Amino acid sequence: MMLSCKEVTRIVSRGLDRKLGFSERVRLRVHLGICDGCTNFRNQLAFLREAMAKLADRSPDS
Amino acid sequence: MNDFRSRIERERPYLLRYASLQLRDAQAAEDAVQETLLAALAGEHGFGQRASLRTWLTGILKHKIVDAIRRTTREAPAAGEDEFEALFDERGHWIEMPGAWSDPDAALDQQRFFAALELCLSRLPPKTAQSFMMREHMGLETDEICKELSITPTHCWVLLYRARMSLRECLTKEWFGK
């Protein structure tokens, strides 16, 4: 069963909080392989995490 | 009547403990008690001498606590759907596909980008912001966040999902222009 984009956004977010199961990872990879929108989405959430880490580093002096 | 004011003020510690036990949030408890005392002052005439002052005040406080709980549960996941459903069609495909953000790495070197990020963070509903900050700013694991906020793991994931969805939209609008 192919994941929908909506399901993919939930799984990508959840994957930032816990380890995904094997079948979730496989289905995610299949979907991302063919969907630019979700690939962009995944990259944006990864960037958001990076930006938040930078924000945390900066906060003492700013 | 100043006497009345000081009598109700004396009940503050009791009311505060009562509210804290219910709300598990010092600020929310303080607010509920403050609202109660103000309501009591305004409605002094409603205080029949038959009830004890403490009982009367506790009755008012219960309403304020219920209001506070309602305010927070309004943020709880609505069964099955939420505001981000609108991004997808009935088959779960993007209505408008996310485009790639241009040169995100350069943004991380710019002071103004972090101002935009903080603006977007400030627009999140309180509990959503709280859980997201605990996760991404303090670096806590989700089970710790659930415990601190006394919410279920599912609710926690929903809050984090919503935070990320709205921050993504907000940054697209406020910084990556489009």
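Predicted model: local features only at pLDDT ≥ 70, side-chain atom pairs only at ≥ 80, totals over all residues.
What percentage of the 178 residues of chain B count as buried? The figure is 26%.

Begin with the overall make-up. Chain B has 9 helices and 0 strands. Read from the N terminus on, its elements run α-α-α-α-α-α-α-α-α. How do these pieces meet? Take the contacts in chain B between residues at least 6 apart in sequence. Of these, 62% join residues at least 24 apart.

Helix H2 covers residues 12-23, and helix H3 covers residues 26-42. Their axes come within 8 Å and cross at roughly 135°. H2(B) and H3(B) therefore lie oblique to each other. The crossing of H2(B) past H3(B) is right-handed. Which residues meet here? From H2(B) come B:Arg12, B:Leu15, B:Leu16, B:Ala19, B:Ser20 and B:Leu23. They face B:Ala26, B:Ala28, B:Ala29, B:Glu30, B:Ala32, B:Val33, B:Thr36 and B:Leu37 in H3(B). Sort this contact by class, and you find 10 nonpolar, 2 polar and 2 charged residues.

Is B:Glu11 buried or exposed? B:Glu11 counts as buried because 21 other C-beta atoms lie within 10 Å, and the cut-off for buried is 20 or more. Follow the chain further to find its partners. B:Glu11 touches B:Leu53, B:Arg54 and B:Leu57, leaving aside residues up to four places away in sequence. B:Glu11 and B:Leu53 are 42 residues apart in sequence. In space, the C-alpha to C-alpha distance between B:Glu11 and B:Leu53 is 8.5 Å.

Next, find a second pair of helices. Helix H7 of chain B covers residues 126-136, and helix H8 of chain B covers residues 142-149. They pack at an angle of about 145°, with their axes 10 Å apart. This crossing, too, is right-handed. H7(B) makes the contact through B:Gln130, B:Ser131, B:Met134 and B:Arg135. H8(B) answers with B:Thr142, B:Ile145, B:Glu148 and B:Leu149. By class, the contact of H7(B) with H8(B) has 3 nonpolar, 3 polar and 2 charged residues.

Two loop residues deserve a look. B:Asp103 lies in the loop between helix H4 (53-73) and helix H5 (104-107) of chain B. Its phi is positive, about 45°, although B:Asp103 is not a glycine. B:Asp103 counts as exposed because it has 9 C-beta neighbours inside 10 Å, and the cut-off for exposed is 12 or fewer. B:Ser150 is found in the loop between H8 and H9 of chain B. B:Ser150 also has a positive phi, about 40°, and is not a glycine. With 9 other C-beta atoms within 10 Å, B:Ser150 is exposed.

Now bring in chain A. How many residues does each chain give to the contact between them? Chain B gives 24 residues, and chain A gives 24 residues. On the chain B side, helix H6 (111-122), H7 and helix H9 (153-174) each supply at least two residues. The largest share, 6 residues, comes from H9(B). By class, the side of chain B that touches chain A has 14 nonpolar, 5 polar and 5 charged residues.

Finally, turn to the nonpolar cores. In soluble globular proteins, nonpolar side chains tend to be buried together. The largest nonpolar core here has 28 residues. B:Leu117, B:Leu160 and B:Ala163 have the most contacts inside it. Which helices build this core? Helix H1 (5-15) and helix H3 (36-58) of chain A each supply at least two residues, as do H6, H7 and H9 of chain B. H9(B) gives the most, with 10 residues. A second, separate core has 13 residues, including B:Ala29, B:Ala32, B:Leu57 and B:Ile65.

Return to one residue of the largest core, B:Leu160. Not counting residues up to four places away in sequence, B:Leu160 touches A:Ser13 and A:Asp17 in chain A. In chain B, it touches B:Ser131, B:Phe132 and B:Arg135.

How values were computed:
Residues numbered from 1 in each chain as written. Chains lettered and ligands numbered in written order. Axes fitted to C-alpha atoms, helices over the stretch in contact; angles between N-to-C directions. Helix = DSSP H or I, 4+ residues; strand = E, 2+ residues; numbered from the N terminus. Left-handed = near helix turned anticlockwise from the far one by under 90°. Contact = placed C-beta atoms within 7 Å. Nonpolar A, V, L, I, M, F, W, Y, C, P; charged D, E, K, R; others polar. Core = buried A, V, L, I, M, F, W, Y, C linked by C-beta atoms within 7 Å. Parallel < 35°, antiparallel > 145°, perpendicular 65-115°, else oblique.
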